[in-house]
Amino acid sequence: MKEAIQLMRDGFITLSSGHADVPVRVNMSIEEHGGRALFMPVYSKNHDQVGLKSVTVNPTNPANGLPFIHAIVTLHDAQTGIPLALMDGEFITSLRTGAGAGLATDLLSRPKSSVLAIFGTGVQAHTQVAAVCAVRPIKKILVFGRSPKNTKIFVKQIAKRYNLEIVAAKSADVLTEADIVCTATTSLTPVFADKHLSPGTHINGIGSYRPDMTEISSEVIARAKVVVDQRKACLCEAGDLIVPIQQGHFNESHIHAELGEILMNDAEGRTDDSEITFFKSVGNAIQDLVVANFIEKRAREINLGTVVTL
């Protein structure tokens with residue numbers, strides 16, 4: 001995770017400096033089966049590679065013992081177009097999403113933050129915990145899950161990996177304890193209220209990726225310093241921002257900066273201990289590319305993987 005967080009620095013600087021071409025993802029509905037297919041292309045001049053992640057999302061899969069997400073990542077040499085690698089995209093998606101939030105947490109949360117609240121108990125929630133714990137001295141984790149059974153399982157799994165106090169939250173009132181909040185759900189409506197946040201809280205909103213999905217309330221976002229992975233993508237896909245803009249709570253100028261702009265010192269991060277900071281990410285293909293690029297090079301160095309002729 002610590003290596004992945006460093007890779008995110010490279011990726012977001014590449015993105016915000018204009019050295020990556022990342023079109024807004026193609027998001028297709030598969031209505032007959034209640035699912036979606038997403039295609040995320042990227043060309044990085046800095047890495048001289050073209051990448052493509054193909055993702056299918058099927059909400060009914062977990063009930064049938066299958067992953068919620070299936071994904072593959074392909075890499076091509078930019079000069080010749082030669083395919084370089086085909087990789088599992090599920091692991092890369094989970095790792096890079098966590099790492100992106102970890103980087104945002106490192107840049108925007110208070111250095112002594114010790115209490116993390118996590119909404120969601122799926123795969124993404126695990127890497128959110130790993131990333132935040134990699135950059136902050138977390139002592140307590142509050143877990144908010146819709147399913148008591150899944151919440152109990154998640155708490156046990158996290159307790160095995162971290163020597164921390166881990167609590168299944170019984171009420172939203174305990175959210176006031178949190179220094180950092182991560183939302184990793186597929187909720188269409190806000191998962192907590194503005195009144196439950198304490199001054200100085202940092203929020204990572206990584207679950208919603210469609211215009212109709214809103215994990216974070218308009219009231220929270222209106223008073224927060226908003227940082228995004230990519231303006232263009234978030235204004236097309238992030239319901240957390242699109243809905244309050246349409247309702248007139250604020251306009252596009254409320255977005256303070258891209259994460260890469262803060263890394264390049266083109267924008268400020270947190271300026272005082274009382275402000276609310278909010279990192280909104282819909283996921284960006286440059287994140288997949290920098291991780292896949294690293295894995296591909298390392299695999300060749302240590303002779304891992306299977307070589308096939310296409």
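Guide: A crossing is called right-handed if the near helix is turned clockwise from the far one by less than a right angle. The model discussed here is a predicted one.

Visitor: What makes the crossing of α3 and α4 left-handed or right-handed?

Guide: The axes of helix α3 (residues 123–135) and helix α4 (residues 148–161) make an angle of about 30° and lie 11 Å apart. The crossing is right-handed, so by the definition the near helix is turned clockwise from the far one.

Visitor: Which residues of α3 and α4 meet?

Guide: Contact requires heavy atoms within 4.5 Å. On the α3 side the residues are A125, H126, V129 and A130, and on the α4 side F154, Q157, I158 and R161.

Visitor: How do the residues of this contact divide into nonpolar, polar and charged?

Guide: Five are nonpolar, two polar and one charged. Ala, Val, Ile and Phe count as nonpolar and Arg as charged; R161 in α4 is one of the contact residues, and therefore falls in the charged class.

Visitor: Why are β9 and β13 called edge strands?

Guide: The open sheet has eight strands in the order β9-β8-β7-β10-β11-β14-β12-β13, with parallel pairing. β9 (165–168) and β13 (255–258) each pair on one side only, and these are the edge strands. From one strand to the next, the twist averages 20°.

Visitor: Which strands do α3 and α7 lie across?

Guide: α3 lies across β7 (115–119), β8 (140–144), β10 (180–183) and β11 (202–205), and runs at about 165° to β7. Helix α7 (residues 239–246) lies across β12, β13 and β14 (276–280), at about 115° to β14.

Visitor: Why is the protein called as compact as a globular protein of its length?

Guide: The protein has nine helices and 14 strands. Its radius of gyration is 19 Å, close to the 19 Å that the globule rule gives for 310 residues, and the protein is therefore as compact as a globular protein of that length. Along the principal axes, its C-alpha atoms fill a box of roughly 55 × 45 × 40 Å.

Visitor: What percentage of the residues count as buried?

Guide: The term applies under 20% relative accessible area. Of the 310 residues, 53% count as buried.

Terms used: Residues numbered from 1 in each chain as written. Predicted model: local features only at pLDDT ≥ 70, side-chain atom pairs only at ≥ 80, totals over all residues. Heavy atoms only, no water. Axes fitted to C-alpha atoms, helices over the stretch in contact; angles between N-to-C directions. Helix = DSSP H or I, 4+ residues; strand = E, 2+ residues; numbered from the N terminus. Pairing = 2+ DSSP bridges. Rg over C-alpha atoms; globule rule 2.2 N^0.38 Å. Buried < 20%, exposed > 50% of the residue type's maximum accessible area, 1.4 Å probe, protein only.
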